[in-house]
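Thanks for coming. Please have a look at it first.

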Amino acid sequence: MSWKIKAEQSSRSVVPQRWAVFLCLSSFCLGMIYTNRMWTVPEPRGIAQTTAYEAKKLKLVSEGCDSKSLDEKDVKRVSRNIFGEVFKTHNAIQTLDKTISNLEMELAAAKAAQESIQSGSPSSDDLKSSPSSGRRRYLMVVGINTAFSSRKRRDSVRATWIPQGEKRKKLEEEKGIIIRFVIGHSATSGGILDRAIEVEDKKHGDFLRLDHVEGYLELSAKTKTYFATAVATWDADFYVKVDDDVHVNIATLGETLVRHRLKRRVYIGCMKSGPVLSQKGVRYHEPEHWKFGEAGNKYFRHATGQLYAISKDLATYISIHQHVLHKYANEDVSLGSWFIGLDVEHIDDRRLCCGTPPDCEWKAQAGNVCVASFDWSCSGICKSAEKIKEVHRRCGEGEKTLWSATF
């Protein structure tokens, strides 16, 4: 009886011990799982990872720099990049402007050539066709500025340094040199002054008539019209302006210009920079003196008006823009002002402004023949109709020099 009771008690005590072990193991496992989840630190939501820029800031701060210095360096770097791009853009615009300007000149020259061919000027006898433009290419066109009252001056020039008749045609055909007296019309078109010029032109055939009303105060306008008309009439490397009271050695002038033949925009003459005269009533008074600064200032560099030469590109430029080019009181100042701001090479050649004998004679004897001779005191040869023959005898280059010259 007692054994049965013990057996029952023993069977009841075994079951709870097994469950206890199982429960202990389960509790241990659950505890381990729970403990790992509790100690895993979750990544905070809404906080982004450190960027490269912030890492650079942190590095600089750790090295003793702050974010302000970093910002300043960034600004400087960005500024340098911006200035670099602006500089490149500026250069590109300048290059484009020059290209457009060159195209405008070439277009105007082509248009002028077409118009002159359609109008029949110059005559077919004066031209030798070229494949590019259909016109003969000349070395230079020499325009001698003259007035209605200067018949004696013109005859004295014809008797000295301008070949006449068949020799003048030979000069054009063989040497490529055109020489014409340049004159416009009188205020009364078709009047006695114009008829006198027409009679003189029929005799000599050496005039270039301009669509211009003659007048001393209109010399700047006449200069513009001359270059525009000349470049439309003849295709030449150079266009020359000379006064009718100046002695010129044509061969020496041609040899001088040929040296600059490959230059596109060249302005050749005796460069000067005289005072701007603001006082009324004096010779060469400048009404617009205030544009040149305070009293006592000087003009910009420009060629003296007795003789100068410009290349074809510059003559074409004047032709294109003649309606907006400003005219000052003095025509040589006006011409110089038209080239201010342009990419033009100024050539100062003092052989283009020698004095009359003995100056030009001494220089010729020394082997330095002058291109042009005149008296500064008279802005030309004083009493040129009588004196130019003596200048030609003593300072002229000789006829053989002209015909033996090669350009």
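This is a predicted model: local features need pLDDT of at least 70, side-chain atom pairs count only at pLDDT 80 or more; totals for chains, interfaces and linings use all residues.

Residues are numbered from 1 along each chain as its sequence is written, and side-chain values use heavy atoms, with hydrogens and water left out. Helices (H or I, at least four residues) and strands (E, at least two) are DSSP runs, numbered from the N terminus.

Is Asp-245 buried or exposed? Asp-245 counts as buried, at 7% relative accessibility. Buried means under 20% relative accessible area, exposed means over 50%, and partly exposed is in between, using a 1.4 Å probe and protein chains only. If we leave aside its neighbours within four places in sequence, Asp-245 is in contact with Arg-153, Ser-379, Gly-380, Ile-381 and Ser-384. Contact here means heavy atoms within 4.5 Å.

Two of those partners lead to the next item. Arg-153 of helix 4 and Ser-384 of helix 12 are among the residues that make the contact between these two helices. Helix 4 (residues 151-158) and helix 12 (residues 384-395) pack at an angle of about 10 degrees, and their axes are 9 Å apart. That angle makes helix 4 roughly parallel to helix 12. For the terms: axes are lines fitted to C-alpha atoms, for helices over the stretch in contact, and angles run from 0 to 180 degrees between N-to-C directions. Angles under 35 degrees count as roughly parallel, over 145 as roughly antiparallel, 65 to 115 as roughly perpendicular, and the rest as oblique.

The crossing of helix 4 past helix 12 is right-handed. A crossing is right-handed if the near helix is turned clockwise from the far one by less than a right angle, and left-handed if anticlockwise. On the helix 4 side the contact uses Lys-152, Arg-153, Ser-156 and Val-157, and on the helix 12 side Ser-384, Ala-385 and Ile-388. By class, these residues divide into three nonpolar, two polar and two charged. Ala, Val, Leu, Ile, Met, Phe, Trp, Tyr, Cys and Pro count as nonpolar, Asp, Glu, Lys and Arg as charged, and the others, Gly among them, as polar.

Helix 4 also packs with helix 6 (residues 192-204), at an angle of about 10 degrees and with the axes 13 Å apart. Helix 4 and helix 6 are therefore roughly parallel to each other. Arg-151, Arg-154, Asp-155 and Arg-158 of helix 4 meet Ile-197, Glu-200, Lys-203 and His-204 of helix 6. This contact has one nonpolar, one polar and six charged residues.

Next, helix 10 (residues 331-338). How many of its residues are buried? Eight of its eight residues are, and the helix is mostly covered. They pack against helix 7 (219-233), strand 4, strand 6, strand 7 (302-311) and helix 9 (312-321). The axes of helix 7 and helix 10 come within 8 Å and cross at roughly 55 degrees, so the two helices are oblique to each other. Their crossing is right-handed. Leu-219, Ser-220, Thr-223, Lys-224 and Phe-227 of helix 7 make the contact with Glu-331, Ser-334, Leu-335 and Trp-338 of helix 10.

Last, the disulfides. The count comes to four, where a disulfide is a pair of cysteine sulfur atoms within 2.5 Å. Counting bonded cysteines along the chain, the pattern is 1-2, 3-5, 4-8, 6-7.

Cys-270 and Cys-353 are linked with their sulfur atoms 2.1 Å apart, and this link is left-handed, with -100 degrees about the S-S bond. Cys-270 lies in strand 6 (residues 266-272) and Cys-353 in the loop between strand 8 (345-348) and helix 11 (359-365), so the pair ties together parts that are 83 residues apart in sequence. Cys-270 is buried at 1%, and Cys-353 is buried at 8%.

Cys-360 and Cys-395 form another, with the sulfurs 1.9 Å apart. Cys-360 lies in helix 11 and Cys-395 in helix 12, so this pair joins parts 35 residues apart in sequence.

Cys-378 is joined to Cys-382, S to S 1.8 Å. Cys-378 is partly exposed at 33%, and Cys-382 is partly exposed at 21%.
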